[in-house]
Amino acid sequence: MVAGVGGLGSAVLPYLAVAGVGKIRVIDGDKVELSNLNRQILHWDKDIGRAKVDSAKEKLESLNPDIEVEAINEAITEDNVFELVEDYVIVDAMDNLPTRYLLNRAALRKNLPLFHGAVYGFEGRATTIIPGKTSCLRCLYQGVIPGKIPVVGVTPAVIGCIQATEVIKYILGVGELLTDRLLIYDGLNMRFSEVKLKKDPNCCDCK
Ligand SMILES: [Zn+2]
């Protein structure tokens, strides 16, 4: 399940589709706007005004007709999040912390892996959360960062591909996941760095 079909979703989804992930649920309540097109490459000029999930479903099923994409044109809220995540592997491709917190809580409660990605300008971050084993998103972030997020189009492409790599590894059961580590991409200086993450004993979500 990919929550958010914006810049990150536009990078994660094509690779999951062509890898043959057979059933993909995409969730987004927004319509395509002109200002999205610098980074949300699943949506094209002709899609302006159209629901993002419909635009994404069309492109992904054209890329791989053997997969099924379920398009849910809804905003994720406290009331629907548990139903929406069902028993899916969850990709956090959102652009705001309140919705990320909802996904985090649902992932923890339902014991589902959560693949987190975030971008700002030329900087991006990613980490993988396995409930019961690793620190969670709430251990990492507190509070809320308000306002619009400026993004250079290539940044979500880099981070989305990292998230897709993590999902593919998880499904195949290979390699070492990006757990309890925050990978930080600094595009301006072209450096990757890593911060170790630890469970917060006072975390309101995973304690
Ligand atoms: Zn936590």
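Visitor: What arrangement do the four donor atoms around the zinc ion make, and why?
Guide: The arrangement is tetrahedral, because the four donor atoms subtend angles of 97 to 118° around the zinc ion. Bear in mind that this is a predicted model.

Visitor: Which residues are the protein donors?
Guide: They are Cys136, Cys139, Cys203 and Cys206, each through its SG atom. The distances to the zinc ion run from 2.2 to 2.3 Å.

Visitor: How are the donor residues spaced in sequence?
Guide: The pattern is C-x2-C-x63-C-x2-C.

Visitor: Are Cys203 and Cys206 buried or exposed?
Guide: Both are buried.

Visitor: Changing topic. Where is Asn64?
Guide: Asn64 sits in the loop that runs between helix H2 (52-63) and strand S3 (68-72).

Visitor: Why does Asn64 count as buried?
Guide: Its relative accessibility is 13%, and buried means under 20%.

Visitor: What is Asn64 in contact with?
Guide: Ala17, Val18 and Gly20, if neighbours within four places in sequence are left aside.

Visitor: What about phi at Asn111?
Guide: Phi of Asn111 is positive, near 60°, and the residue is not a glycine. Most residues other than glycine have a negative phi. Asn111 is in the loop between helix H4 (97-110) and strand S5 (114-120), and its relative accessibility of 54% makes it exposed.

Visitor: And what is phi at Asp180?
Guide: About 55°, again positive in a residue that is not a glycine. Asp180 belongs to the loop between helix H6 (154-172) and strand S7 (181-186).

Visitor: How does Asp180 count for accessibility?
Guide: Asp180 counts as partly exposed, because its relative accessibility is 26%.

Key: Residues numbered from 1 in each chain as written. Predicted model: local features only at pLDDT ≥ 70, side-chain atom pairs only at ≥ 80, totals over all residues. Heavy atoms only, no water. Donors = N, O, S within 2.8 Å, 3.2 Å for Na, K, Ca; no water. Tetrahedral: all angles 85-135°; square planar, octahedral: opposite > 155°, others 65-115°. Buried < 20%, exposed > 50% of the residue type's maximum accessible area, 1.4 Å probe, protein only. Helix = DSSP H or I, 4+ residues; strand = E, 2+ residues; numbered from the N terminus. Contact = heavy atoms within 4.5 Å.
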